[in-house]
Amino acid sequence: MLRQFLSKLPRKSGKSDSPELARSNSCTTAGSIPQPHRSNSLNSGSGRPCAPKRTSSAVFPASVVAGIEPLLPFKDVPSSERMNLFVSKVSLCCVTFDFTDPTRNLIEKDVKRQTLLELLEFVSGSVRFSEPAILAMCRMCAVNLFRVSPPNYRSTSSNGGENDDDEPMFDPSWPHLQIVYDLLLKFITSSCLDAKVAKKYIDHSFILRLLDLFDSEDPRERDCLKTILHRVYGKFMVHRPFIRKAISNIFYRFVFETERHNGIAELLEIFGSVISGFALPLKEEHKIFLWRVLIPLHKPKSLGVYFQQLSYCVSQFIEKEPKLCSTVIGGLLKYWPITNSQKELMFLGELEEILEAINTVEFQKVSAPLFWRIGYCINSFHFQVAERALFFWNNDQILNLIAHNRHVIFPIILPALEKNAQNHWNHSVLNLTINVRKMFMEMDDQLFMSCHAHFMEEEAKLSILAEKRKEAWERLENAASRQPITGNTAVLVTSLSTPIAY
């Protein structure tokens with residue numbers, strides 16, 4: 001019986017086999033996974049679910065085996081031979097095809113697809129995997145998944161993924177890739193897989209290549225990778241520090257070098273669940289990750305693409321250790337956007353969530369610089385930023401913190417409120433400003449009047465200084481106008497009382 005199905009294995013052909021497949025076969029003997037080429041092009045993508053408008057194909061090695069034939073079904077062989085048949089079917093699936101031309105190799109593609117579906121059903125069962133079977137599975141996944149993305153299809157713009165009209169690319173080979181991903185997921189999560197044996201093949205090199213795939217422009221692929229990497233992290237405890245370090249390196253490269261990567265949101269989503277499992281007290285390594293990775297991730301222009309996942313990771317840290325609130329607020333103030341109003345709105349929203357969890361001691365550490373920044377936001381000419389800053393006073397918990405620290409906050413915020421009440425163009429912002437002034441007055445009337453009087457004194461001093469400056473310039477202009485013009489002497493042009501008609 002064994003000879004019967006082994007005789008149907010595709011014979012090795014030097015003309016039709018690809019170099020990649022040949023390398024894979026040689027690597028099998030050596031007990032290692034074939035090394036793919038790595039793509040150096042990094043870009044940013046939104047990962048938004050939408051109708052497919054563009055397609056891209058990963059660059060597979062040009063390999064087509066003519067006339068591959070299906071092997072016997074698992075049900076037609078004895079139980080003792082099924083694992084050998086499993087290895088044979090997995091080896092058959094190491095053949096890759098060019099999916100950019102849908103008319104080529106239709107029969108061979110269908111044979112491979114049916115074989116992958118058979119393997120998926122087999123892996124879902126309760127068969128214990130031998131070491132050769134584990135090696136064959138890892139090699140097959142490496143051959144099919146670890147591929148190079150074509151540079152000519154990838155975005156080279158430097159907009160950081162902010163262009164909402166830039167639709168994601170969809171890989172035409174996805175019908176086969178999806179089954180391979182499902183197969184890998186079932187394989188990793190199988191209770192019949194011995195993690196002690198599998199870790200020799202799902203090693204650091206394998207994990208790094210999985211992480212490289214997160215830069216895929218296909219959001220479906222990134223979603224599969226997210227689930228698989230999360231399962232790898234859960235099953236292989238020995239790899240957990242390495243996975244955290246490797247993901248941190250991707251974040252470092254994104255923040256400080258390229259600001260282009262498609263999978264930042266998915267990687268942060270994985271880290272969100274990882275952070276929730278950290279034991280208390282937090283290790284110094286984890287606190288360093290918060291300060292050196294998560295806080296700087298607020299800097300790139302494409303923050304909006306992954307802001308929700310980033311904010312969740314930060315909130316998980318604060319929930320674990322509330323003392324980190326002042327550290328996080330200090331970091332937000334360091335990277336505060338000055339010219340990007342949409343990012344300011346995100347920062348203000350995240351600040352409000354943090355202030356809801358902060359205690360009085362931590363709040364006092366950052367209250368002065370924090371409310372200086374909020375005061376600038378209140379005076380913003382972008383009405384949404386000003387409104388969002390004034391909405392802080394609608395939060396009872398934040399209002400309570402302000403009341404307990406009013407001697408520090410009143411002198412900082414009141415001048416901003418007075419300037420808004422006198423000059424702001426937006427009617428809604430004007431009404432909110434008046435309401436906040438009333439709250440301050442009701443909170444501590446005496447302190448309010450004292451701060452208001454001090455503000456008026458400062459305004460009077462500034463007015464006197466401005467008048468003196470104006471008079472000084474007038475004297476200089478008059479003195480310069482009386483000087484004779486000779487040679488190359490510079491001429492001071494005085495301001496005209498009436499405009500010139502052109």
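Predicted model: local features only at pLDDT ≥ 70, side-chain atom pairs only at ≥ 80, totals over all residues.
I take buried to mean under 20% relative accessible area, exposed to mean over 50%, and partly exposed to mean in between (1.4 Å probe, protein chains only). Residues are numbered from 1 along each chain as its sequence is written, and side-chain values use heavy atoms, with hydrogens and water left out.

**Entry 1: Ser216.** I looked up Ser216 and found it buried, because its relative accessible area is 9%. Ser216 sits in the loop between helix H8 (204-212) and helix H9 (219-235). I take helices as DSSP runs (H or I, at least four residues), numbered from the N terminus. Leaving aside residues up to four places away in sequence, Ser216 touches Glu221, Arg222 and Asn262; contact means heavy atoms within 4.5 Å.

**Entry 2: H10 and H12.** Two packed helices are described by the angle between their axes and the distance between the axes. For helix H10 (residues 240-258) and helix H12 (residues 284-294), I noted axes that come within 11 Å and cross at roughly 15 degrees. The axes are lines fitted to C-alpha atoms over the stretch in contact, with angles from 0 to 180 degrees between N-to-C directions. H10 and H12 are therefore roughly parallel to each other, a label for angles under 35 degrees. I recorded their crossing as left-handed, that is, the near helix is turned anticlockwise from the far one by less than a right angle. From H10, Arg244, Ser248, Phe251, Tyr252 and Phe256 meet Glu285, His286, Phe289, Arg292 and Val293 of H12. I sorted the residues of this contact into five nonpolar, two polar and three charged.

Entry 3: Which peptide bond is cis, with omega near -5 degrees? I found that bond from Leu280 to Pro281. Pro281 lies in the loop between helix H11 (264-276) and H12. In the loop between H10 and H11 I examined Glu259, whose phi is near 55 degrees, a positive value in a residue other than glycine. Glu259 counts as partly exposed because its relative accessibility is 24%.

**Entry 4: nonpolar core.** I define a nonpolar core as a set of buried Ala, Val, Leu, Ile, Met, Phe, Trp, Tyr and Cys residues joined through side-chain atoms within 4.5 Å. The largest has 130 residues, and Phe86, Phe251 and Trp393 are among those with the most contacts inside it. Helix H5 (residues 131-145) gives this core its largest share, ten residues. I list Phe74, Leu119 and Met137 among the residues that Phe86 touches, not counting those up to four places away in sequence.

Terms used:
Helix = DSSP H or I, 4+ residues; strand = E, 2+ residues; numbered from the N terminus. Parallel < 35°, antiparallel > 145°, perpendicular 65-115°, else oblique. Nonpolar A, V, L, I, M, F, W, Y, C, P; charged D, E, K, R; others polar.
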